[in-house]
There are 2 protein chains.
Amino acid sequence: MTKQARPLILVTNDDSIIAPGIRTLIRIMNTIGEVVVVAPDSPQSGMGHAITIHDTLRCLPAQQDAGPQTEYACSGTPVDCVKLAVHEILDRTPDLIVSGINHGSNASVNVIYSGTMSAAVEGAMQRVPSIGFSLLDYSWDADFSAAEPYIKQIATSVLEKGLPAGVCLNVNIPKANGTPYAGIKVCRQTMGHWEEDFDIRIDPTGKPYYWMRGEFVDSDGGDDSDIWALNHHYLSVVPIQFDLTAHHALAAVHSVIGA
Amino acid sequence: MTKQARPLILVTNDDSIIAPGIRTLIRIMNTIGEVVVVAPDSPQSGMGHAITIHDTLRCLPAQQDAGPQTEYACSGTPVDCVKLAVHEILDRTPDLIVSGINHGSNASVNVIYSGTMSAAVEGAMQRVPSIGFSLLDYSWDADFSAAEPYIKQIATSVLEKGLPAGVCLNVNIPKANGTPYAGIKVCRQTMGHWEEDFDIRIDPTGKPYYWMRGEFVDSDGGDDSDIWALNHHYLSVVPIQFDLTAHHALAAVHSVIGA
């Protein structure tokens, strides 16, 4: 295969360009295609689908190792990175966008807060097959090794077969525990939400400030959800869409509004 | 009606607590219930569903006028405001959360980037009936007067009848043009995306920086979409859900992944 014929793969994340998760993902993608990295120059966890509209953006070459990938560090959010890459940095439309590997879960409603997953959603909006990968291990020195063959398999399958229009993938991977993964489950987003319990502190001038902390409340209970799969040591794959219309609720809302 | 029996309404936005849009919304809500405002102390447009997890939050009383509402200004994002209000500031669960009135459109995919709408989505996640209101006029001195009776009508209907679980409303209102609105249409999110065209400039030290600018590409064409309604001088009401699962794509993704 000539270099020109190799697929172009854009890699980004939200933990910043130096995080072990993205370094692992870059290494895997280098075995599949030509890789360009456009990733945040600082941590952007919890940024959701934020974009930078009232400020300027920086995006400069920032090679972190010997390659062969090409790397840029961007001052913006993960979604900014995708927009800058697709419309400015890359000389052609990428064949695949991968985001991650996130240090921590993006299962259930975490997908909505996640910069990692919002980059994948933006990729789908830009009509590029896109995948977000997350490992259920928040530690900086998490063990990604058991996940690597699965990540390569999923990325290769998506490159070969594509994805339905308007859909990207949210792939979560159980924390490595020494036993082989049970396999891959295609599933739906678990229903649940975060109950916040703010930690109130007093600053040296006597004024209060808050740290957000919370507990995830699982209100689901189904065996076809991503958290069920992860609890049973499967990788979960949830197809995610950016059409947020609650089509099933159109008639009910019609009746509420009286329109 | 005693004060205790009046519905408790939380008001927030993304243009900040001093924006004319939220001041209008507060005035309307004061005629319906007991109002508490927890809104950003600075502009938070384009923040999507971002939350503040690596930094502290401030939230202090910040009365802007004679009331009768109670007001707090928060250093965080619109979603932070909802979380702080529901879990910390308010002494009971609100009966309604309203966000806006945004200065500018949140129709079509703008819903995904919008801090205003993400506050409403977070409200739905917290199981409170929630509505985001946006006027298709970006100017600070936009004319909200024609929209006011519609906003009151929609908020009252939702207070009386509730909303389906997991669903909030994205209400967009055409720019006032001197002719009466055609009415309200319940519709779906228009399919489309933003094509960015970055404005590259050179700083005084010779390094490049970027301003994001873009053009919305409408790839829809249906007559049941929010942009169609707005173009025909209707208010658009789109039911929005936070279950992002592309249920229709589960089988196709199964076949792509081979799982």
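Which residues touch the most other members of the largest nonpolar core? Of the 166 residues in that core, they are V11(A), V38(A), V11(B) and V38(B), a nonpolar core being a set of buried Ala, Val, Leu, Ile, Met, Phe, Trp, Tyr and Cys residues joined through C-beta atoms within 7 Å.

## Basis of the description

This is a predicted model, in which local features need pLDDT of at least 70 and side-chain atom pairs count only at pLDDT 80 or more, while totals for chains, interfaces and linings use all residues. Residues are numbered from 1 along each chain as its sequence is written, and chains are lettered from A and ligands numbered from 1 in the order in which they are written.

Leaving aside neighbours within four places in sequence, V11(B) is in contact with I22(B), L25(B), I26(B), M29(B), V35(B), V37(B), A39(B) and V98(B), where contact requires C-beta atoms, placed from the backbone, to lie within 7 Å.

C59(B) lies in strand β3 of chain B, residues 59-61; strands (E, at least two residues) and helices (H or I, at least four) are DSSP runs numbered from the N terminus. C59(B) is buried, because 23 other C-beta atoms lie within 10 Å; the term buried applies at 20 or more such atoms, exposed at 12 or fewer, and partly exposed in between, with C-beta atoms placed from the backbone. With neighbours up to four places away in sequence set aside, C59(B) is in contact with V38(B), Y72(B), C74(B), L84(B) and I89(B), and also with Y210(A). Between C59(B) and E71(B), which are 12 residues apart in sequence, the C-alpha to C-alpha distance is 10.0 Å.

## Where the chains meet

The contact between the chains takes 69 residues from chain A and 70 residues from chain B. On the side of chain A that touches chain B, helix α7 (residues 250-257) gives the most, with six residues. That side of chain A divides into 40 nonpolar, 19 polar and 10 charged residues, with Ala, Val, Leu, Ile, Met, Phe, Trp, Tyr, Cys and Pro counted as nonpolar, Asp, Glu, Lys and Arg as charged, and the others, Gly among them, as polar.

## Packing of α1 and α5

In chain A, helix α1 (residues 20-30) and helix α5 (residues 148-161) pack at an angle of about 55°, with their axes 10 Å apart; axes are lines fitted to C-alpha atoms, for helices over the stretch in contact, and angles run from 0 to 180 degrees between N-to-C directions. The two helices α1(A) and α5(A) are therefore oblique to each other, since angles under 35 degrees count as roughly parallel, over 145 as roughly antiparallel, 65 to 115 as roughly perpendicular and the rest as oblique. The contact is made by T24(A), I28(A) and M29(A) of α1(A) together with E148(A), I151(A), K152(A) and A155(A) of α5(A), and by class it has four nonpolar, one polar and two charged residues.

In chain B, helix α1 (residues 20-30) and helix α5 (residues 148-161) pack at an angle of about 55°, their axes being 10 Å apart, which makes α1(B) oblique to α5(B). Here T24(B), I28(B) and M29(B) of α1(B) meet E148(B), I151(B), K152(B) and A155(B) of α5(B).

## Further buried sites in chain A

Helix α4 of chain A (residues 115-125) is mostly covered, 11 of its 11 residues being buried, and just after α4(A), R127(A) takes a positive phi of about 70°.

P174(A), in the loop between β7 (167-173) and β8 (183-186) of chain A, is buried, with 22 other C-beta atoms within 10 Å. Not counting residues up to four places away in sequence, P174(A) touches L136(A), Y181(A), L230(A) and H233(A).

Note on methods. Contact = placed C-beta atoms within 7 Å.
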